[in-house]
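Try each task before you read its solution.

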Amino acid sequence: MPDPNLAPPTVAESGDPFTTLRIVDLVACLERGRPVRIADIAARLDATYLEWLFPDPVVVDVLLQLQANWFTDYRNQSGIVLADGPYGATVSIEDSSRVDSWIVRQAQRAAAECRERLAEFSRLDRPAGG
């Protein structure tokens, strides 16, 4: 018998909390204070999550949302800087102590939304829906 545990590939989508959580998790590990190519981030995500595909525009969308969240929380744009580099688009994460706790909160927010989506999905199985 063939292996029944085959899973179809998943293409990451903008606005999906599962995508956001995976990207934020990687962003938390990026070296601070230096530009990192978006294409390199997408390639690392593809290598880490073999059943997923992370297109560059989706990674950019999540980074733009993080940048907007940073601006909302700290009223400056120096925390997450997106720019065009000589080899493509880059992101730089501020090298300060406030980034670590902030990025953890962003990941916790995305994880909570993932759990809520899973809970909603599990309720679809019940006849009463509750």
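This is a predicted model: local features need pLDDT of at least 70, side-chain atom pairs count only at pLDDT 80 or more; totals for chains, interfaces and linings use all residues.

A disulfide here is a pair of cysteine sulfur atoms within 2.5 Å. Residues are numbered from 1 along each chain as its sequence is written, and side-chain values use heavy atoms, with hydrogens and water left out.

**Exercise 1.** Count the disulfides and explain the result for Cys 114.

*Solution.* Step one: apply the cut-off, and you get zero disulfides. Step two: check the distance. The closest cysteine sulfur to that of Cys 114 belongs to Cys 29 and sits 17 Å away, so it's too far for a bond. Step three: look at accessibility (buried is under 20% relative accessible area, exposed over 50%, partly exposed in between; 1.4 Å probe, protein chains only). Cys 114 is buried at 5%, while Cys 29 is exposed at 52%.

**Exercise 2.** Work out what surrounds Arg 22.

*Solution.* Start with its location: Arg 22 is in helix H1 (helices are DSSP runs of H or I, at least four residues, numbered from the N terminus). Arg 22 is buried but has none; Glu 51, the nearest side chain of opposite charge, is 5.0 Å off. Then follow the side chain, which reaches the backbone oxygen of Phe 18 at 3.1 Å. Finally, list contacts (heavy atoms within 4.5 Å): leaving out residues up to four places away in sequence, Arg 22 touches Leu 45, Tyr 49, Trp 52 and Phe 54.

How values were computed. Helices (H or I, at least four residues) and strands (E, at least two) are DSSP runs, numbered from the N terminus. Lys and Arg count as positive and Asp and Glu as negative; His and the chain ends are not counted. A salt bridge is a side-chain nitrogen of Lys or Arg within 4 Å of a carboxyl oxygen of Asp or Glu. A polar contact is a pair of N or O atoms within 3.5 Å; within protein, one must be able to donate a hydrogen and the other to accept it, and residues adjacent in sequence count only if both atoms are side-chain atoms.
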